[in-house]
Amino acid sequence: MKLVKSHMNHKQHSTNGLNLLQKTEGFSQAQSAWRFYNNEHVDIESLNEPMLTRGIATINKSSDEYILVAHDWSLINYKNHTAKTDCIRKCRSNVNNASSRGYELQSSLAIESSSGKPILPLVQNLKTQDKVLSSYNPTMKSHLTHLGELTQRIAYINQSLNIQKKIVHVIDREADSAGFFRGLQKEDLYIVRALDNVKVRYENEEITQKELSKKMDKGKYIKNIHYQNKKVKIYVNTVDILITRDSYQKTDTPQDKTIKQKVKGKPIKNRFIVQRLIDEKNNTVATWLLLSNLPKDVDITRIGLWYYYRWNIETYFKLLKSSGFNLEKWQQESAQAIFKRLFVASYACLLVWEIEHTNSKNMLAIRKFLVRLSGRLVARKKISTSPALLAGLWNFFSAMDMLELYDIEELHSIKKELNDFMQMEF
């Protein structure tokens, strides 16, 4: 197969490339994939557009008033891949692991607020040693801090994606920063996991968030879940606080140094939320401290549940890495090729989530069929998991490819030959 110059635009190149990957087989498929991921005519924005269009249409058709967007960072460890020359050594997302070497994946996952169903990754960035590849900003500066980039990302999601819902950004504790909160726009709604030893003002007293949580009772019951192999109940309580502390503006230099500058600012009103997981013996198994600027008409039980739904982005990273696509084993030598392949994998995740969460009799039968075809075990009383559905889909499409090459009589003949050779029935 020869790549020739044409008058197709970038979107046509990307769409035709995706179709090509679906239709070719064996070694030719590997060749086509290599050419596709390294083809300069296939740009990131066009490759992401079909998934983004489909996902946003799903969001806007929903009856939910709010949509959740979970943000997180994850190390893709390529410490054994010596051919990749643009890896970051000792990635920030894994600073305690001296042997880490790879790229940093930055993702924003849209999640249904009513059900916790993952919908699609709205934004993806891949940070290398000297640049950041991005689905929303091709000229992003490589020395932006996590929160500096996240502020830009939130503005893009809120203002540029035509999402017709109220967007709530759900972020882990790295975002508990006075400077980050002050840098957001008034309409930027958030739920952020709070740091223990940071001080806030509560009833004219400066107190750490951990000490404040100890003064609060367990509050309202939300739901029962399994957590670390235990049955637990989630309870949540809230008080109003002010964040009055100075912030520190951090700037990364090309020499890998961070410059801090103190910045004063106006007090920030927040709802301080304590979420406790309590087991059957009334022991507190875990405590999550949260900060949110959601209005009072959003009940704290909903806020607590929405933070619980944040686990979907961790599951997404797991599906990309250890439970599905084996991202850390990909052999492409450039970050650009890795990033393009990542969008193909993300589109597969979107389809799997739709199969997993569509409530119809036919889809239930399809889920059971795909899990059986995957050969994977799922927990009792659970019909399917995302990794099992993904594996089942792969096996199903492989079987369909075989049926295009061989008719039923040929397959029965092969089965008979194998039975005779192995001297067993299967």
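This is a predicted model: local features need pLDDT of at least 70, side-chain atom pairs count only at pLDDT 80 or more; totals for chains, interfaces and linings use all residues.
Which residues in H9 meet Ser386, Leu389, Leu390 and Leu393 in H11? Residues are numbered from 1 along each chain as its sequence is written, and side-chain values use heavy atoms, with hydrogens and water left out.

Now zoom out. The protein has 12 helices and 15 strands; both are DSSP runs numbered from the N terminus, helices being H or I with at least four residues and strands being E with at least two. Of its 426 residues, 46% count as buried. Buried means under 20% relative accessible area, exposed means over 50%, and partly exposed is in between (1.4 Å probe, protein chains only). The protein exposes about 23,800 Å², and carbon and sulfur atoms supply 50% of that; such areas come from the Shrake-Rupley method with a 1.4 Å probe, and for residues only the protein chains shown count as cover. Among contacts (heavy atoms within 4.5 Å) with a separation of 6 or more, 61% are between residues 24 or more positions apart.

Back to the helices. Two packed helices are described by the angle between their axes and the distance between the axes. The axes are lines fitted to C-alpha atoms, for helices over the stretch in contact, and angles run from 0 to 180 degrees between N-to-C directions. H9 (residues 335-357) and H11 (residues 386-405) have axes that come within 10 Å and cross at roughly 110 degrees. The two are therefore roughly perpendicular, since angles of 65 to 115 degrees get that name, under 35 is roughly parallel, over 145 is roughly antiparallel and the rest are oblique. As for the opening question, the H9 residues are Ala348, Val352, Trp353, Ile355 and Glu356. The contact of H9 with H11 divides into 7 nonpolar residues, 1 polar and 1 charged. Here Ala, Val, Leu, Ile, Met, Phe, Trp, Tyr, Cys and Pro count as nonpolar, Asp, Glu, Lys and Arg as charged, and the others, Gly among them, as polar.

H9 also packs with H3 (residues 44-61), at an angle of about 20 degrees and with the axes 10 Å apart. H3 and H9 are therefore roughly parallel to each other. On the H3 side, the contact includes Ile44, Leu47 and Met51, and on the H9 side Phe339, Phe343 and Leu350 are among the residues involved. The residues of this contact of H3 with H9 divide into 9 nonpolar, 4 polar and 3 charged.

Next, a couple of asparagines. Asn326 sits in the loop between helix H8 (311-320) and H9. Its phi is near 50 degrees, a positive value in a residue other than glycine, and at 39% relative accessibility Asn326 counts as partly exposed. Asn162, in the loop between helix H4 (146-160) and strand E6 (166-171), has a positive phi of about 55 degrees although it is not a glycine. Asn162 is exposed, with a relative accessible area of 56%.

Finally, find Lys230 in strand E11 (residues 230-243). Lys230 is partly exposed, with a relative accessible area of 40%. Not counting residues up to four places away in sequence, Lys230 touches Ile225, Asp279 and Val285. Lys230 and Ile278 are 48 residues apart in sequence and 9.6 Å apart in space, C-alpha to C-alpha.
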